Amino acid sequence: STLGFDMHKDGYPNISSVDFAENVIDQMKVKHGTGSGGLSWHVADLRALPETEFPCSKFHFAIDKGTLDSMLALGKQGWINPNVNFEDLEDETWVKAISAAQKYLKEVHRILLPTVGVFFLVSLGSPEFRVPLLEKCNLEVQQIKLLEPQRQDREDDEAKLKLKWNGQYHNKHIYICTTAKPQ
């Protein structure tokens, strides 16, 4: 993704981009440079970020545009229904997926500034299923935006903002969360 580079180009001075795939980070370093001008690229597991590079309470913002949804699809072939109620699932694979997602969200909470840190989550999961997971990890949902096509009559615009699964389109939501005090 070019999101970090694009944000930096638009004036955000310090951007740290993370991926667990070393080849992806290597490609971004080649394409956009290595650590120059406030851009940094890190190979890391988001469920256990290295404290040397990601200390507690350092970041103002964190952005997720598909990572959480990917973690919740862990171990399943193809895309899962983004609105599965994970509390009702007992399969070991799902338990691992929820555990991975919670570790990730707790790391997001850890690196964000207390009370003023903001987490932007772009997800196909509906509020009734994403909000409890976020709140369980001390991220208070302040606002939820539903992304809708700009022109309803164009199917390609709709496809950009929705994912077709099992014959139905699922909306993308943006969850805007702040850090809450640990319980």
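F54 is buried, with 3% relative accessible area. The structure is a predicted model, and its aromatic pairs number two. This briefing covers those pairs and then helix α5.

**Pair F54 and F59**
- The rings of F54 and F59 are stacked, with 5.7 Å from centre to centre and 25 degrees between the planes.
- F59 is buried at 15% relative accessibility, because buried means under 20% relative accessible area.

**Pair F61 and F120**
- F61 and F120 also form a stacked aromatic pair, with a centre-to-centre distance of 6.0 Å and 25 degrees between the planes.
- This pair connects distant parts of the chain, since F61 lies in strand β3 (residues 61-64) and F120 in strand β4 (residues 118-123), 59 residues apart.
- F61 is partly exposed, at 46% relative accessibility.
- F120 is partly exposed as well, at 26% relative accessibility.

**Helix α5**
- Helix α5 spans residues 127-136, and its buried residues are F129, R130, V131, L133 and L134.
- In an α-helix there are 3.6 residues a turn, so residues three or four places apart point the same way.
- Just after α5, N138 adopts a positive phi of about 65 degrees.

Terms used: Residues are numbered from 1 along each chain as its sequence is written. This is a predicted model: local features need pLDDT of at least 70, side-chain atom pairs count only at pLDDT 80 or more; totals for chains, interfaces and linings use all residues. Side-chain values use heavy atoms; hydrogens and water are left out. Rings of Phe, Tyr and Trp (its six-membered ring) pair if their centres lie within 6.5 Å; planes under 30 degrees apart count as stacked, over 60 as edge-to-face and the rest as tilted. Buried means under 20% relative accessible area, exposed over 50%, partly exposed in between (1.4 Å probe, protein chains only). Helices (H or I, at least four residues) and strands (E, at least two) are DSSP runs, numbered from the N terminus.
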